[in-house]
Amino acid sequence: MSKSLLFIPDISGYTQFVQTTEIEHSQHVIAELLEVLINANTQNLRLAEVEGDALFFYKEGEVPSQEKLLAQIETMFTAFYSHLKLLENNRICPCNACATAPNLQLKIIAHCGDLQFITVQNKRKPFGQVVIEAHRLLKNSIPSDNYVLLSRDLSYQIGLSDDYKSQLFNFSKGENEYDGKKIDYLYSEIDKQYLKLTSYETPYEVHFDKAPFLTIQKKYKTSAEGLLEYITNYSYRHHWVKGVDEFEYNPDEVTRLGTEHVCVIDGKRLNFTTVTKPVDTGKLIYGEYTTDIPIIDGMYQFYTIIPVSQSSCEIIIELYPKANSIFKKMILYFIMKRSFQKSIKESLNNLENYIATA
């Protein structure tokens, strides 16, 4: 029987990350990273389990060639650290989970052997000694949290030499003892500077050379960070935004620059993209842009939150509409301005009441 591949990407630093950060946002960050790793599967590996902060893949009756396996490993490291770069560059949330996400690292354990299976609730899952060995290799003496480990059995199978070196990989020998049995392996730390990370420029920062069309201010008895969460976490929106029938968004995603959500008003779908603009140090900023408001050509809406104390803050809402004709500008100034002002004030009052009862 041909040997099978076992392949386990594991997010390093997960336990500390979850224990020291906001739980909901840390869950979102980990979920996004696991999705990124799943999408980076180029070798048709089968996903057996999502194991908290790790993925357990296997390839039954086949082990990819050395070239394909090393390419798969590089692809996953590249996707993982590219996404962390995206989270860092486009972050708007000041919470610990979002701020410390770039400190997460990745390790990949790969093993091979004769694979057995067990059926539980009509689901066929890998089983046996080789599965136990692969998971025990996660607990090793490698002095790093950012590496790939290939068991000795796997290195023999793909013909990887003990001193294999390339621009990205620099393998060394290692060993650990598990239940009285020594398991040899090769490992290589991964230097991120040799990964071709995706370049994420931020086209979502905008600048204005004119005063806002409309400005509304209000004070709240909650922290600035707490108010930002109520505004940027779309699961709260239906509690306070006036006139919206439904919100559509990705519940497993932390709001950041470039994320999108949809407001459904009287059956019409308004698509919004998260944007930002420069603010003074110490202030928090969230903005969104849409081109779907009837009559006008676009609208930027910004929420600037200014801390007053640990339990109070002030919000400034600014609107920057776009109207490309005299007719649209007349409607905007003489008809729509009053409607915008009334709707925003009612929404802000609803938000105050919701915070008081939440």
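Across which strands does helix H5 (residues 129-136) lie? In this predicted model, local features require pLDDT of at least 70 and side-chain atom pairs count only at pLDDT 80 or more, while totals for chains, interfaces and linings use all residues. Residues are numbered from 1 along each chain as its sequence is written, and side-chain values use heavy atoms, with hydrogens and water left out.

Helix H5 lies across S1, S2, S3, S4, S8 and S9, and runs at about 155° to S4. Helices (H or I, at least four residues) and strands (E, at least two) are DSSP runs numbered from the N terminus; angles, from 0 to 180 degrees, are taken between N-to-C directions of axes fitted to C-alpha atoms, for helices over the stretch in contact.

The seven strands of an open sheet follow the order S2-S3-S1-S4-S7-S9-S8, with mixed pairing; two strands pair if DSSP finds at least two bridges between them. Strands S2 (46-51) and S8 (172-178) stand at the edges with a single partner strand each, so one side of each lacks a neighbour in the sheet. S8 and strand S9 (residues 181-189) run antiparallel and are joined by seven bridges. Ser172 has Tyr187 in S9 as its bridge partner. Helix H3 (residues 66-89) packs on the sheet and touches S1 (4-12), S3 (54-59), S4 (105-113) and S7 (147-151).

Tyr220 belongs to strand S10 (residues 214-220). Tyr220 is buried, with a relative accessible area of 3% (buried means under 20%, exposed over 50%, partly exposed in between; 1.4 Å probe, protein chains only). Residues touched by Tyr220, not counting those up to four places away in sequence, include Leu227, Cys313 and Ile355, contact meaning heavy atoms within 4.5 Å.
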